[in-house]
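Here's a quick briefing to read alongside the sequence and the model. Have both open as you go.

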Number of protein chains: 2
Amino acid sequence: MRLSDLPTPALVLDRAILLRNIDAMAQAVGRHGVALRPHMKTAKSIDVARLIFANPHAKTGAIAVSTLAEAEYFAGHGVADILYAVGITPRKLEQVAKLNAANARVITVTDDLETASAISAHPRPPRTLIEVDCGEHRGGVAPDSPAVLEIGIRLGSSLAGIMTHAGHSYAGRTLADMQAIAEAERAGAALAAKRLMDAGLPCPIVSVGSSPTALHAERLEDITETRPGVYMFGDLFQAEIGTIRPEDMAVTVLASVIGRRPAERRIVVDAGALALSKDRSTEATAQDYGFGLMLDLLGRRSFGTSIIRRANQEHGVVELDPTADLPEFPIGDLVRIAPNHACLTSAAHDRYFVVEGSDEVVAIWPRVNGW
Amino acid sequence: MRLSDLPTPALVLDRAILLRNIDAMAQAVGRHGVALRPHMKTAKSIDVARLIFANPHAKTGAIAVSTLAEAEYFAGHGVADILYAVGITPRKLEQVAKLNAANARVITVTDDLETASAISAHPRPPRTLIEVDCGEHRGGVAPDSPAVLEIGIRLGSSLAGIMTHAGHSYAGRTLADMQAIAEAERAGAALAAKRLMDAGLPCPIVSVGSSPTALHAERLEDITETRPGVYMFGDLFQAEIGTIRPEDMAVTVLASVIGRRPAERRIVVDAGALALSKDRSTEATAQDYGFGLMLDLLGRRSFGTSIIRRANQEHGVVELDPTADLPEFPIGDLVRIAPNHACLTSAAHDRYFVVEGSDEVVAIWPRVNGW
């Protein structure tokens with residue numbers, strides 16, 4: 001099967017690039033001697049997880065997930081050690097308990113005292129990490145707050161450690177920014193962990209990580225694991241902030257040309273807001289790519305900076321690079337669109353059509369979407 | 001089953017509101033005596049289509065779709081007359097031919113001369129409409145251009161009429177704007193149709209429509225059908241531009257509170273960028289709702305203007321209305337989020353949990369997503 005045999009739009013994953021990205025992160029994390037707990041929210045695929053586990057440069061086997069649907073899927077494929085890295089609610093404990101009764105080892109996360117009570121009162125309480133805030137200001141208690149110890153005590157024998165997420169690394173633009181945020185992430189988690197241990201509480205897991213901080217951290221002392229996710233695939237935003245090189249974007253959307261207005265140097269493709277998502281993260285970077293960058297059928301940047309300027313539900317309006325020498329784009333011509341945000345773009349698709357540099361489809365890998 | 005039994009996030013559809021919206025549009029379109037061809041890109045559900053067909057105020061039975069997956073799904077449920085309202089490519093003709101060989105009557109759309117050749121050369125050519133541009137500047141040839149007749153002649157016996165889409169009605173903000181855009185849409189399609197007929201070419205279908213123009217059109221002479229879609233569900237954006245009343249938003253996302261920061265008047269819910277989409281259409285309206293407006297479990301506006309200010313993959317950070325007297329939001333509390341854009345939000349979910357004003361789930365309706 002070739003790309004030209006696929007319906008469009010379709011999600012294309014280049015396995016060769018994926019393997020490069022997997023290896024680069026495994027090496028970056030491996031040099032610190034901490035475990036790599038890949039966050040599978042981006043790939044949502046057991047086939048991708050297996051490639052990460054097979055890499056020799058980092059200690060792996062455990063994963064993080066963003067939904068209980070992912071937890072169930074990966075547990076069903078034999079991955080036992082799963083961190084559900086989104087704050088748990090009392091009601092969701094039931095589903096976690098069911099998975100754990102079936103031999104999974106799902107770890108949960110909380111930053112809330114009442115929820116900690118619900119966990120320790122549960123007949124089958126999951127091991128639980130206390131979420132601390134290292135500057136992202138989304139979830140988590142302050143690492144130096146009394147709440148860390150209060151929640152730790154309340155969790156009782158369920159307490160398994162500390163977790164934090166430096167999501168604000170996405171606002172970093174220089175290597176120095178990233179190193180500083182990585183150090184704040186490390187120091188916050190380490191401080192909270194030390195306070196637990198000083199109080200005689202257990203803290204076997206100290207979990208940090210986003211792709212930029214996992215890659216750029218200068219030191220990870222007192223940390224046991226890191227949880228990068230989007231690095232596997234990369235995207236325009238991660239290329240702009242230096243997590244990957246522009247040639248290391250592993251997922252793209254195959255699209256057909258469905259309209260053309262040569263006089264206005266515009267074409268229309270059948271990858272719109274649903275196939276690409278409405279993520280506009282590159283609006284905040286040096287180069288704004290609209291809703292995506294148009295590449296050729298083999299994923300090469302052959303059309304300069306021709307970008308999706310407008311995204312309606314099934315229509316992507318491409319503004320062709322005014323300075324580039326471009327071919328005609330007859331109706332039905334195939335192109336590939338590099339996305340701003342690989343996690344959101346991939347989530348619109350239920351499978352990957354896997355290639356390796358060429359237009360031959362070497363595998364089809366399913367994804368676990370939804371909740 | 002009650003809403004509190006569902007996993008979160010989950011897509012909730014209020015059947016009572018849906019029926020009101022269906023009736024309002026059927027009456028608006030019915031008074032012109034033209035057919036209502038509902039665009040099923042929003043609902044992607046046979047259960048919703050059947051409610052529209054059952055309404056007595058407009059002539060229905062035919063639909064428009066935005067993907068061939070929808071065409072296949074609806075054809076499989078016995079809806080024969082289907083307009084695939086996105087420009088066709090030569091390669092996609094195969095799938096259309098297969099559906100039509102199995103008793104569907106899928107109509108395609110083109111604005112391209114070479115594609116028209118491919119259609120008429122096909123062994124089983126679909127009936128095809130010529131797309132004209134009435135001001136949206138996305139697809140379509142100018143209604144007064146030679147291309148209308150050239151494409152019409154090239155289509156030969158496949159020619160079935162004219163189609164246009166006033167997507168730029170979404171930029172309208174007043175009733176006068178909407179009426180003017182509706183008239184431009186009508187006049188453009190009517191002109192192109194007249195030119196075909198004056199040249200002795202057939203033009204049985206003259207198809208227009210977006211929700212705002214279908215609702216607000218003052219006259220629809222020389223038009224045979226209109227294709228509104230989002231009106232069925234409504235959303236914050238359509239409420240802002242006057243297509244629906246704010247109390248007529250039929251779809252919302254059920255979410256759990258997963259974090260709270262009372263000092264900052266913020267909570268976090270488990271409906272983030274995936275469950276809601278990153279659509280920011282209300283950024284351009286009088287009231288900016290961020291990524292969505294938080295309602296109570298019964299869908300009532302009990303929390304003032306508390307909006308999703310930030311949307312990460314699975315986290316929605318709610319900025320609580322500083323002027324409202326609000327309850328505490330314990331972890332696990334259930335709320336509902338009204339979306340900016342019902343089409344994109346619904347597409348992240350594979351089913352509707354149907355309610356009728358209360359928290360009782362009276363049905364579960366599947367959706368056809370993807371391509």
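**Helix 1 of chain B, and how the two chains meet**

In chain B, the buried residues of helix 1 pack against strand 1 (10–14), strand 2 (35–36), helix 2 (46–54), helix 8 (211–216) and strand 9 (225–226). This is a predicted model: local features need pLDDT of at least 70, side-chain atom pairs count only at pLDDT 80 or more, and totals for chains, interfaces and linings use all residues. Residues are numbered from 1 along each chain as its sequence is written, while chains are lettered from A and ligands numbered from 1 in the order in which they are written.

**Helix 1 of chain B**

- The buried residues here are B:Ile17, B:Leu18, B:Asn21, B:Ile22, B:Met25, B:Ala26, B:Ala28 and B:Val29 (buried: 20 or more other C-beta atoms within 10 Å of a residue's own, with C-beta atoms placed from the backbone).
- They sit on the same side of helix 1 of chain B, because they cover an arc of only 170° around the axis (the arc of the directions from the helix axis to the C-beta atoms).

**The contact between chains**

- Chain A and chain B put in 42 residues each (in contact: C-beta atoms, placed from the backbone, within 7 Å).
- Strand 10 of chain A gives the largest share of the side of chain A that touches chain B, three residues (strands: DSSP runs of E, at least two residues; helices: H or I, at least four; both numbered from the N terminus).
- The copies meet through the same surface, because 100% of the interface residues of chain A are also interface residues in chain B.

Key: Buried ≥ 20, exposed ≤ 12 C-beta atoms within 10 Å, placed from the backbone.
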